[in-house]
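Trainee: Could you walk me slowly through a single part of this structure? I would like to understand what sits on its inside.

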Amino acid sequence: MNANINDRKPTNDLTFSDLDKELREYAISHDVPIIQDDGLAMLESIIRIKRPKKILEIGCAIGYSAIRMASVLGSIVYTIERNEEMYNQAIENVKKANLSDKIHIIFKDALEAYDLVKDNTFDLIFIDAAKAQYMKFFNLYTPLLSTHGVVVCDNMEFHGLVEVLDNIEEYKSYSRGVRGIIRKMAKFHDELLAKEDFDTTLFEVGDGIAISVKK
Ligand SMILES: C[S@@+](CC[C@H](N)C(=O)[O-])C[C@H]1O[C@@H](n2cnc3c(N)ncnc32)[C@H](O)[C@@H]1O
């Protein structure tokens, strides 16, 4: 974790790297799907290049990526989480990171949280929540994006399963629910690339990252 914003330190004599390690270990041992290392490196590079004043994250989980994003340059992060246990963990972790003044965590389904953030303009939106709803999140929140703002979508490959659509026998071996998500993710790929008001590039980084820049 980057400790350069205001030279601040986490609480309880933790260092940023102790806290980083603690959160990663917690995520692994409790099956919390946090962003992969190379996806995170890319996200942090985008933040260094774009220098966003405000970031909106859809899908906070335990606050790991929100803490990492706020730690790069001190951007203000609004992050939305619908699972109460995750939300409570995120509150505690953000306090531990000493970033409560930088990270606002909203406990709500992101499809119902628009009114709570609509008075803000965001320079970066990071979408990392329910895969079947990506297009809805994108369409709902991108009107709040600043000129030339950037949207980063994680898990575009849905754990490598989007490719399974090319192999009908393998595709059929998955449950109806998983097949539904695979189809919706593939549709989202196509619709995102076709959007005329955004330039989108898909990267084979982490679980697949899409970067869409508002024209
Ligand atoms: C992949 S995890 C987020 C990981 C986090 N961004 C990180 O890298 O540290 C996805 C989270 O999104 C939450 N989520 C899924 N759909 C949501 C929705 N419609 N509204 C709010 N949160 C949602 C889930 O509860 C889960 O905690």
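Mentor: Let's look at one helix and then at the core.

This is a predicted model, in which local features need pLDDT of at least 70, side-chain atom pairs count only at pLDDT 80 or more, and totals for chains, interfaces and linings use all residues. Residues are numbered from 1 along each chain as its sequence is written.

Start at helix α6, residues 134–141 (helices are DSSP runs of H or I with at least four residues, strands runs of E with at least two, both numbered from the N terminus). Here Tyr134, Phe137, Phe138 and Tyr141 are buried (20 or more other C-beta atoms within 10 Å of the residue's own, placed from the backbone). Looking down the axis of α6, you find its buried residues within an arc of 100 degrees, so they line one face of the helix (the arc is that of the directions from the axis to the C-beta atoms). They pack against strands β1 (54–58), β4 (122–127) and β5 (145–153), and also against helix α8 (176–194).

Tyr141 brings us to Ile125: leaving aside residues up to four places away in sequence, Ile125 touches Tyr141, Leu56, Thr142, Leu145 and Val151 (contact is C-beta atoms within 7 Å). Ile125 also belongs to the largest nonpolar core, which has 56 residues (buried Ala, Val, Leu, Ile, Met, Phe, Trp, Tyr and Cys joined through C-beta atoms within 7 Å). Along with Leu124, Ile127 and Val152, Ile125 has the most contacts inside that core. Helix α3 (residues 64–73) gives the largest share of this core, six residues. On α3 you will also find Val72, which is buried because 20 other C-beta atoms lie within 10 Å.

Notes: Buried ≥ 20, exposed ≤ 12 C-beta atoms within 10 Å, placed from the backbone. Contact = placed C-beta atoms within 7 Å.
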